[in-house]
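Please examine the fold shown below before reading on. The paragraphs that follow move from its sheet to its nonpolar cores.

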Amino acid sequence: MTATPPATPPALPTLLVLDTDPLPRLGKLTGRVRVEHADESTLADQLPSADVLLVWDFASHAVRAAWPGEGPRPRWVHTASAGVDHLMCPELADSDTVVTNARGVFDQPIAEYVAALVLAMAKDLPRTLELQRARTWRHREAQRVAGTRACVVGSGPIGRAIVRTLKALGVTTALVGRTPRTGIHGPGEIDRLMARADWVICAAPLTDDTRGMFDARRFGCMQPSARFINVGRGQLVVESALAEALTKHWIAGAALDVFEAEPLTPDSPLWQVPGLIVSPHMSGDTVGWRDELGTQFVAAYERWEAGKPLPNVVDKKRGYVPGH
């Protein structure tokens with residue numbers, strides 16, 4: 001009697017990771033997926049063999065450059081970031097590949113960071129630290145935050161978390177989204193709301209409609225006592241226009257956590273703009289945030305493996321997760 005040969009086990013799916021240090025913790029997927037690693041120089045050659053692409057290096061533009069090449073492409077791309085503009089290209093947008101993002105990980109940390117900036121500027125904390133370093137005792141009066149008005153542009157999870165957090169401080173908030181609906185103003189009302197606001201906070205995604213939306217005309221709409229904060233994407237702001245508005249005292253202050261080009265070079269004039277707080281794209285990065293991103297991806301992979309719908313599916317034409 002001839003023995004039946006053992007069945008060949010099915011081939012494991014290939015997960016390609018566009019790396020940056022520290023690497024994601026994917027131990028829970030051991031034995032369930034073949035993990036390969038790529039960098040900007042090897043990504044184009046490795047894409048055709050991948051079933052899933054994890055864009056762990058979310059600051060890289062390598063996907064946008066490599067995707068239009070020859071051969072098959074992954075069925076699913078996940079980026080460990082809220083924004084997807086760094087990887088989106090026409091070929092990816094027009095493909096059947098599903099794109100997901102890290103929506104939900106950064107919402108509350110960014111909201112807390114915005115609240116910290118609001119309090120710091122209202123209470124003149126940057127000046128207090130300067131005077132302390134100079135050993136100078138100079139009494140001043142600070143601004144009360146409760147009772148002020150904020151215009152938050154971007155009605156996604158981050159914008160909504162900012163609204164909730166500012167309301168806890170007694171700030172009256174107006175939220176602006178892509179389309180007007182209950183509790184959310186449409187883009188046509190931005191100028192009117194900015195003109196009344198003490199705080200204008202940008203948390204919008206980067207799209208063709210939002211690129212450069214905060215320009216000289218928009219800063220001219222703001223009150224001389226108002227402050228501007230950007231925790232969205234750097235390309236939403238015309239930086240030269242903001243620098244002019246601050247230098248000429250059209251507005252009272254600003255804080256940027258994101259920039260047109262990152263990292264900000266040592267010779268950038270933005271370092272010296274009066275009234276501008278510069279931070280290195282860190283508003284959402286709290287202790288343990290990378291582990292949260294890894295856990296989120298593993299949970300999503302398990303849904304993909306089981307044939308279940310993926311969370312945080314991006315509308316590739318709009319550039320963000322719809323439904324807000």
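Two strands pair if DSSP finds at least two bridges between them; strands (E, at least two residues) and helices (H or I, at least four residues) are DSSP runs, numbered from the N terminus. The model is predicted, so local features need pLDDT of at least 70 and side-chain atom pairs count only at pLDDT 80 or more, while totals for chains, interfaces and linings use all residues. Residues are numbered from 1 along each chain as its sequence is written, and side-chain values use heavy atoms, with hydrogens and water left out.

Five strands form an open sheet in the order β2-β1-β3-β4-β5, with parallel pairing. Because β2 (34-38) and β5 (98-100) stand at the edges with a single partner strand each, one side of each has no neighbour in the sheet. Strand β4 (residues 76-79) runs parallel to β5 and is joined to it by three bridges; H78 stands opposite T100 in β5. Helix α10 packs on the sheet, touching β1, β3 and β4. The direction of α10 makes about 165° with that of β4 (axes are lines fitted to C-alpha atoms, for helices over the stretch in contact, and angles run from 0 to 180 degrees between N-to-C directions).

A nonpolar core is a set of buried Ala, Val, Leu, Ile, Met, Phe, Trp, Tyr and Cys residues joined through side-chain atoms within 4.5 Å, where buried means under 20% relative accessible area (1.4 Å probe, protein chains only). The largest such core has 46 residues, of which I162, I201, I229 and F297 touch the most other members. Helix α4 gives the most to this core, with eight residues.

Technical notes. Buried means under 20% relative accessible area, exposed over 50%, partly exposed in between (1.4 Å probe, protein chains only). Contact means heavy atoms within 4.5 Å.
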